[in-house]
Amino acid sequence: TVGPLRVELQVDSSRARAAIEGPLGDGTLSGRMSGDLDEGARWSIERMRLAGVDVAAFLTDSVSSRVDVQLTASGSGYDPSVMTAEVTMSSDTLVWGPHVVRSLTVDGELGGDGMTARARVVSNAGTVGATLAGDPRAERPSVRITSGRVTGVDLGIVARSEQWTTALNGTFEGLLTDLRGLAAPSGLATGTADARLVLEESRIGEQDVSGAEVTVELVSGRARLDGALRMTDGILTLAAAALPFDSIRRVTVDSLEARGVNLVALTGSSRMPAALDGILRLDGTGSDAGSIDGTFEVVVDRARVGSTEFTATTLSARATAGRIDLEGAVSGLWGGAELQGRADLADESPRFSGAGLFRVSDLAGLLGGSTRTGEVEGTFDIAATVSALDSMALSTMVASGRLDVGSGTVGHRGDAHTRRDRRRPVAHRHDDRARASRSRRGNGRCNRPWATRCTSPRRVGVG
């Protein structure tokens, strides 16, 4: 609700004065301003203040918010093309959902040479400060960001994640031109922009970062992203491009390459020792999940999680109109496994089904043991359905799976506890409502070097 607002206006031969005060939702709005009526046209906003206002409620946003902010300004001229101004805005309470700003200060000047501004934000997600300069009245308005710095920034709060946190420290700079186009939804497609972020010692998840450089360029609607993230024992590099403003968007990842990277620590799971050497490539188009077309490939040369070694891992996918066919394989000195599957994102309730086979010749080695013992082989299948792509949570998922153990040994070979060829299926079912139809085919060939005998692979379909 707004009002009732009390407005007072006084006008004499050379000056006008105004005051406003009253309730604004659960908070209040108050302010005083004045302006000359002669050729000098001096004006001032002596104080404009919002106190305790739930701005999100006015925007029909469901999050809770509280805004306390005050503004003062002075200048000359009422024509924006020749106006001069000095503006100061500050706040010590800004709450928007999980985001809490403890201090906000913005100082700016506008004159014949353009605009300069300084901003600093201290929040529960860290501290960000920058200096800006530009000319909003030029034929191609532009703004340059200089002296930008981030301190202790936690992207986990921005992403609303309770498990994953960061502490980023570093500097940034950038340039954005043709600002008039920003008023239109496709405005960035007509402008140019470039930005650069340099990280100093930081933390991502549970991984300490020694440094990073990320550059972003946008020219005529085409974006380019290149970066390198350096850690104590590894490096992660990225080269990618996108057409984010086209009606049919396109994303191409030329390479996302990891050398000695601990993905377990980066995701914040734990500081468990791990290392990954591999590369990811992607090329896809689409305006939504149901129209995705493209290819995806991951090749891992070597990986280690704890004391378990993986000598080779591959995953490839091809998407056509939101239907994705998957193939994958993983192997190590302990054995290996293969998977074929399909994900159908075109339906209102996206579905996934998959089937594969495995053979573990060293069960202890797979579990991180140092003594070679235990072997098992068999097949598995899984199926899952979610109510909607925008609610990919366990609470919205209906899933089922089955694990068939064909033969195996437990303990040392020759041990009295050794069991062989029991061939008793061990099934784990979570919900019989979600099933996928599967058909089998055999090609009479065996391309799994880790397998002692060949089992016909399965072709998996979504029924």
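Predicted model: local features only at pLDDT ≥ 70, side-chain atom pairs only at ≥ 80, totals over all residues.
Reader: Why is Thr-127 called buried?
Author: Thr-127 has 19% relative accessibility, so it falls in the buried class (under 20% relative accessible area; exposed is over 50%, partly exposed in between, with a 1.4 Å probe and protein chains only). Across the protein, buried residues make up 34% of the 463 residues.

Reader: Where are Thr-127 and Pro-136 found?
Author: Thr-127 lies in strand E9. Pro-136 is in the loop between strand E9 (126-135) and strand E10 (142-153). Those labels are DSSP runs numbered from the N terminus (H or I, at least four residues, for helices; E, at least two, for strands). The protein has four helices and 28 strands.

Reader: Which residues does Thr-127 contact, leaving aside its neighbours within four places in sequence?
Author: Thr-127 is in contact with Arg-120, Val-121, Val-122, Arg-149, Val-150, Thr-151 and Val-153. A contact here means heavy atoms within 4.5 Å. With residues up to four places away not counted, Pro-136 touches Leu-110, Met-115 and Pro-141.

Reader: How far apart are Pro-136 and Gly-114 in sequence and in space?
Author: They are 22 residues apart in sequence, and 7.0 Å apart in space from C-alpha to C-alpha. As for contacts in the whole protein between residues at least 6 apart in sequence, 41% join residues at least 24 apart.

Reader: How do you know that E6 and E7 pair?
Author: DSSP has to find at least two bridges between two strands for them to pair. Strand E6 (residues 84-96) and strand E7 (residues 99-111) have 10 bridges, so they pass, and they run in the antiparallel sense. Ala-85 stands opposite Leu-110 in E7. The two strands form a hairpin with two residues between them, and Gly-97 in the turn has a positive phi of about 60°.

Reader: What joins E7 to E8?
Author: There are 10 bridges between E7 and strand E8 (residues 114-123), and the strands run antiparallel. A hairpin links them through two residues. Leu-104 stands opposite Val-121 in E8, and that Val-121 is also one of the contacts of Thr-127.

Reader: What makes E12 a partner of both E11 and E14?
Author: Thr-177 stands opposite Thr-192 in E12. E12 also has eight bridges with strand E14 (residues 207-219), again in the antiparallel sense, so that counts as pairing too. There, Asp-194 stands opposite Glu-217 in E14.

How values were computed. Residues numbered from 1 in each chain as written. Heavy atoms only, no water.
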